[in-house]
Amino acid sequence: MACTNGTKTYVNIKELPEISDINNGDFLIVETTNGTTILDYQNFLVTLDNTTFADQITTNTTNIVTLSTDLASLSSSSATVSQFNTLNSAVTAQFNILNSAVTALTSTTATDTYAVFSLSGYNNNGLKLLKSSNIYSIQLNQVSTSLSSVKITFNNRFLDNNYGYTINTQLSTLAGPDALSDITTDYINIYIKDRFYNNNTLTERATIRIVGGQTA
């Protein structure tokens with residue numbers, strides 16, 4: 001209810017009409033040291049300094065920044081892990097290929113193969129094997145009246161016949177540079193000239209050594 005003292009009329013705030021919301025363009029009554037004024041609602045600003053929960057908002061803001069940093073770091077780490085997994089898969093694949101090759105290689109061995117033998121007369125003592133490695137047997141055969149052969153059979157057969165052989169001076173003198181030979185995976189047959197088969201020509205040691213090749 002309005003009151004008057006004869007010159008001024010007073011209205012109790014509680015007696016003013018009530019509204020359900022406030023919008024820009026509406027006014028608030030503000031009492032200052034300079035007097036009573038009005039403030040447009042759109043100019044009404046609430047800062048952290050005007051609240052009782054400023055510390056909580058500041059803490060939450062700090063936590064959000066920290067979480068954002070952690071998330072960015074995690075994303076970067078995930079990319080790094082993905083790159084590592086890709087590289088690791090490639091390295092593993094190459095290792096498996098290399099390991100298979102090494103396994104295949106080490107499943108065979110290069111066996112030292114040689115025969116040291118002598119012949120002091122075929123009719124008397126025959127072909128005598130003095131020392132050997134990877135040799136199963138050695139056999140002398142007459143091919144013709146001017147050609148004989150020494151057949152050397154291996155203990156461990158070769159995987160292929162892509163190997164060579166060397167013979168010492170004593171035997172090469174008899175064989176000659178144009179000597180023929182059969183090279184197989186199971187044996188080697190060296191052909192010797194000059195009819196040493198019957199005339200005691202080979203009286204000293206002769207050596208045949210296999211060069212190269214992989215044995216099973």
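Trainee: What makes R209 partly exposed?

Mentor: Keep in mind that this is a predicted model. R209 has a relative accessible area of 32%, and since buried means under 20% and exposed means over 50%, R209 is called partly exposed.

Trainee: How do you know that R209 forms a salt bridge with D112?

Mentor: The closest N and O atoms of R209 and D112 are 2.8 Å apart, and because a salt bridge requires a side-chain nitrogen of Lys or Arg within 4 Å of a carboxyl oxygen of Asp or Glu, the pair qualifies as a salt bridge. R209 lies in strand β12, whereas D112 lies in the loop between α1 and β5, so the pair ties together parts that are 97 residues apart in sequence.

Trainee: How many salt bridges does a search of the whole structure find?

Mentor: The search finds 2 salt bridges, and one of them joins D186 to R157, with the closest N and O atoms 3.0 Å apart. D186 lies in the loop between β10 and β11 and R157 in the loop between β8 and β9, so this pair ties together parts that are 29 residues apart in sequence.

Trainee: Why are D186 and R157 called partly exposed?

Mentor: D186 has 35% relative accessibility and R157 has 40%, so D186 counts as partly exposed, and R157 counts as partly exposed too.

Note on methods: Residues numbered from 1 in each chain as written. Predicted model: local features only at pLDDT ≥ 70, side-chain atom pairs only at ≥ 80, totals over all residues. Heavy atoms only, no water. Helix = DSSP H or I, 4+ residues; strand = E, 2+ residues; numbered from the N terminus. Buried < 20%, exposed > 50% of the residue type's maximum accessible area, 1.4 Å probe, protein only.
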